[in-house]
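My entries follow in the order I made them.

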Amino acid sequence: MVTATPASSTGVTLLWLEPTRSGSAARTHLDGTRQRLRASGISVLTTITSEARGSNPVARARRLLSLVRQARARANGGVLVARWHPFLAFVSPLWLRRRGQVLLLVQGNDESAYEANPWLRRVPGARKLMQTSVVTASRIIVVTEGLIPWVQASISRAATTERFGTTIEVMPTGVADVFFDTAPREGLGEYVLYFGSLAPWQGIDYMLEAHASSEWPAGLKLIV
């Protein structure tokens with residue numbers, strides 16, 4: 001469950017630096033976060049996003065710069081809820097300096113970021129930016145336990161003892177349960193459900209390999 005307590009009457013600002021076009025994982029994550037916050041009685045005062053996604057590097061850079069500027073202008077002591085992105089390193093430190101809080105939702109690690117955004121490999125110091133975006137969070141929620149070691153390693157490598165106390169939690173389910181009925185289906189028996197994009201960084205290849213393995217439990221279905 002994604003929850004946050006506003007630090008002041010300024011409320012919550014949502015920041016998604018990835019394009020949030022309809023049907024994308026980022027958009028589903030955004031909508032699910034809104035639903036969870038609303039269910040917790042927490043008001044969202046500002047949402048900073050963009051649905052534009054162009055292959056033109058200049059247009060992409062301008063979009064990111066615009067979103068970063070908007071988020072920095074909102075740093076006023078409230079709560080920033082953000083989907084993890086390397087360029088959060090240009091936003092979250094300012095929020096902390098202005099007595100705000102940063103709730104970071106981590107959906108991947110550095111390698112998945114490179115696979116999803118190959119252009120990041122051409123950005124000098126990209127890994128340092130990714131590390132900084134994690135270290136400067138007041139609280140972190142990961143979508144799977146497998147991401148915890150990477151988050152912890154990023155904090156350790158930063159060598160800043162004041163951030164070692166960052167709380168790391170695991171989202172109960174990677175599926176946005178405010179949208180989808182996750183109750184078992186009659187007649188299917190036991191099964192594993194893979195829900196998500198078929199992009200290579202989402203891990204469908206590992207699921208298929210595991211299903212074909214002799215160690216896969218007999219009778220356990222894999223549903224994609």
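Entry 1. I began with the contact of H5 with H6. On the H5 side I listed Gln131, Val134 and Val135, which meet Trp150, Val151, Ser154, Ile155 and Arg157 in H6. Sorted by class, this contact has five nonpolar residues, two polar and one charged. I note here that the model is predicted.

Entry 2. I then looked up the geometry of these two helices. H5 covers residues 126-135 and H6 covers residues 148-157; their axes come within 9 Å and cross at roughly 100°. Angles of 65 to 115 degrees count as roughly perpendicular, so H5 is roughly perpendicular to H6.

Entry 3. I turned to the sheet. What is the order of its six strands? I read S2-S1-S3-S4-S5-S6, in an open sheet with parallel pairing. The edge strands are S2 (44-48) and S6 (167-170), each of which pairs on one side only. I noted an average twist of 20° from one strand to the next.

Entry 4. Within the sheet I followed S4 (residues 101-106) and S5 (residues 139-142), which pair in the parallel sense over four bridges. Val106 stands opposite Val142 in S5.

Entry 5. I checked what helix H1 (residues 25-39) lies across: S1 (12-15), S2, S3 (79-83) and S4. H1 runs at about 165° to S1.

Entry 6. The protein has seven helices and eight strands. Of its 224 residues, 41% count as buried. The accessible surface comes to about 12,100 Å², with 52% of that belonging to carbon and sulfur atoms. Among contacts between residues at least 6 apart in sequence, 65% join residues at least 24 apart.

Definitions and conventions
Residues numbered from 1 in each chain as written. Predicted model: local features only at pLDDT ≥ 70, side-chain atom pairs only at ≥ 80, totals over all residues. Heavy atoms only, no water. Axes fitted to C-alpha atoms, helices over the stretch in contact; angles between N-to-C directions. Parallel < 35°, antiparallel > 145°, perpendicular 65-115°, else oblique. Contact = heavy atoms within 4.5 Å. Nonpolar A, V, L, I, M, F, W, Y, C, P; charged D, E, K, R; others polar. Buried < 20%, exposed > 50% of the residue type's maximum accessible area, 1.4 Å probe, protein only. Areas by Shrake-Rupley, 256 points an atom, 1.4 Å probe, with all protein chains shown as cover. Pairing = 2+ DSSP bridges.
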